[in-house]
Amino acid sequence: MNLSFFLFFAFVVISLILFRFQRKKYAFYRKQTDLLTNLPNRRSLEQFIEARTTPLNLPIAVVVIDLDNFNWINEEYGYESGDSVLVEFSERLAFSAPAHSLAARIEGNKFALAIPGTYSREGIQTMLADQFLSLQSPFYISGAPVHLTFSAGVALAPEDGRNGHTLLLHAERALRHVKHHGKNNLVLYNTSFQRQDLELQLAMSFRSALQNGEFFLCYQPKLSIHSGKTDSVEALIRWNSPVHGTVSPALFIPVAEKNGFIFDLTKWILQEACRQMKKWSETNHTFQRVAVNISAPLFLSDRLPEMIRDILHDCKLDAGFLELEITETAVMEDFQNACRIITLLKKEGITISLDDFGTGVSSLTHLKNLPIDTLKIDKSFINEVHTSFEDKALVEMIIQLANLFGLSVTAEGVEKQEQLSVLQRLGCDSIQGYLISRPELPDVLDAYFTEKKYGS
Ligand code: C2E
Ligand code: MG
Ligand code: MG
């Protein structure tokens, strides 16, 4: 092998090694870098945060920044102009970022900063407000100045999360909060956002939950003190979600109300409760009436009477078998309208109860003029009725007042025999609570009441 051949051979081998090395380096670069702006990407940012938080538990601030109304630039000036704004923004962000921090583009028009160090909540806000000033000068598109605002969410380690994934998630939650509340602001993560997020997720899964049969009704009996019979039941909705587990109606009903889903949901509840009541009525069951809770927004809309008429007609159920529970708050929201609707429903033969009585702020005059049948005294008055002189006096007063107005009284949440004894002495008409039965599936109640433990 002569020297020139050896040199040529060595050159080829070294070139090949270098080529492979460059290719690996480029592949690594592509994996870690956003190709439009040349900033590190989400993966790289997570690794940067992870390296400081997970093994060492070092403090760090994670900021997620989103350019407000960025789509408008794309639509108004075209995608090329949009790209050049993103590139320029990324340069400004990287240039103004504090020493030792990392600026990244994590998706579309969303950027992030990871700033190692300990910051108080006020401290980071002041620091970022100063830094963001330098980002706010106009962008020039085809020579014309365009002013963009941006929103930012911040999460601090360790208090808001101890790894890259959680911190980014929480900073993005804070950002979503800003976006929903007017944009152009900076907000620090707060645990209450988790609740808002859950509500949002619930709101988005209502329709499919209804289609997939995830809702079902339980029924809780009411015992008439006079006859000793469990003559009616209250339908209480349950949601068994494959994603969120068992969701309490106290959580999802207000979300359904806020998101315009309560009409469809109550329609389903009424259909289901009336269908079940029809079944009970045909088997001579001890239950003579089913009560359905009606939310304020639906109760005060004009759609309810017609919806109920249709459902009763479809189920071939007499209106006398149906009771509606409405809350004091719903009534007080629009008293005149409430009276009008109650009168309409009563004309059909439907019974009306005022639920959670005592928790709202209805005056005696209102109560006197309200054409209802029953007051359901809220559980909070019943809890101590057997031990507290004041609570007993209050309940006694409510019962006397109801008698005066010709209304019957049901006590909610009765759990102890002592409570029942006091209520009986005070002249309460019926009770409901765990002492009699928890809310149960119809089959369970059927089995229970066929054994004639309570009731007929
Ligand atoms: P509510 O209508 O006042 O129902 C009474 C709540 O107290 C029910 O809770 C019931 O399970 C619970 N409860 C009954 N007896 C006892 C007791 O002895 N002890 C205790 N600790 N609790 C008792 P639930 O089913 O979780 O419902 C909570 C609220 O959610 C209801 O209060 C009602 O406002 C709403 N809700 C439930 N189902 C429906 C529905 O189908 N439609 C509407 N619009 N709201 C519903
Ligand atoms: Mg109720
Ligand atoms: Mg109640």
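## Exercises on a predicted model

In this predicted model, the magnesium ion (ligand 2) has four protein donors: Glu234 (OE), Asn293 (OD1), Glu325 (OE) and Asp355 (OD), lying 2.1 to 2.2 Å from it.

**Exercise 1. Work out which residues of helix H8 (residues 249–258) are buried, and what covers them.**

Solution. 
- List the buried set. Leu251, Phe252, Ile253, Val255 and Ala256 make it up.
- Find the cover. It includes helix H7 (192–211), strands S8 (215–224), S9 (230–241) and S10 (245–247), and helix H9 (262–282).
- Beyond its neighbours within four places in sequence, phenylalanine 252 contacts Leu202, Phe206, Phe215, Ile237, Trp239, Val247 and Leu265.
- Inspect the ends. At the start of H8, a side-chain oxygen of serine 248 comes within 3.0 Å of the backbone nitrogen of alanine 250. Just after H8, glycine 260 has a positive phi of about 70 degrees.

**Exercise 2. Decide whether serine 295 is buried or exposed, and find its polar partner.**

Solution. 
- Locate serine 295. It sits in the loop between strand S11 (289–293) and helix H10 (296–299).
- Apply the cut-off. Buried means under 20% relative accessible area. Serine 295 has 10% relative accessibility, so it counts as buried.
- Find the partner. The serine 295 side chain makes a polar contact of 2.7 Å with the side chain of glutamate 257.
- Leaving out residues up to four places away in sequence, serine 295 touches Ile253, Glu257 and Ile262.

**Exercise 3. Identify the residues that touch the most other members of the largest nonpolar core.**

Solution. 
- Take the whole set. This core has 84 residues, and Phe215, Phe252, Phe299, Leu322, Leu324 and Ile431 touch the most other members.
- Ask which element gives most. H9 supplies the largest share, ten residues.
- Look beyond it. A second, separate core has 30 residues, among them Ala61, Leu93, Ile141 and Val154.

Technical notes. Residues numbered from 1 in each chain as written. Chains lettered and ligands numbered in written order. Predicted model: local features only at pLDDT ≥ 70, side-chain atom pairs only at ≥ 80, totals over all residues. Heavy atoms only, no water. Buried < 20%, exposed > 50% of the residue type's maximum accessible area, 1.4 Å probe, protein only. Helix = DSSP H or I, 4+ residues; strand = E, 2+ residues; numbered from the N terminus. Contact = heavy atoms within 4.5 Å. Polar contact = N/O pair within 3.5 Å; in protein donor to acceptor, adjacent residues only side chain to side chain. Core = buried A, V, L, I, M, F, W, Y, C linked by side-chain atoms within 4.5 Å. Donors = N, O, S within 2.8 Å, 3.2 Å for Na, K, Ca; no water.
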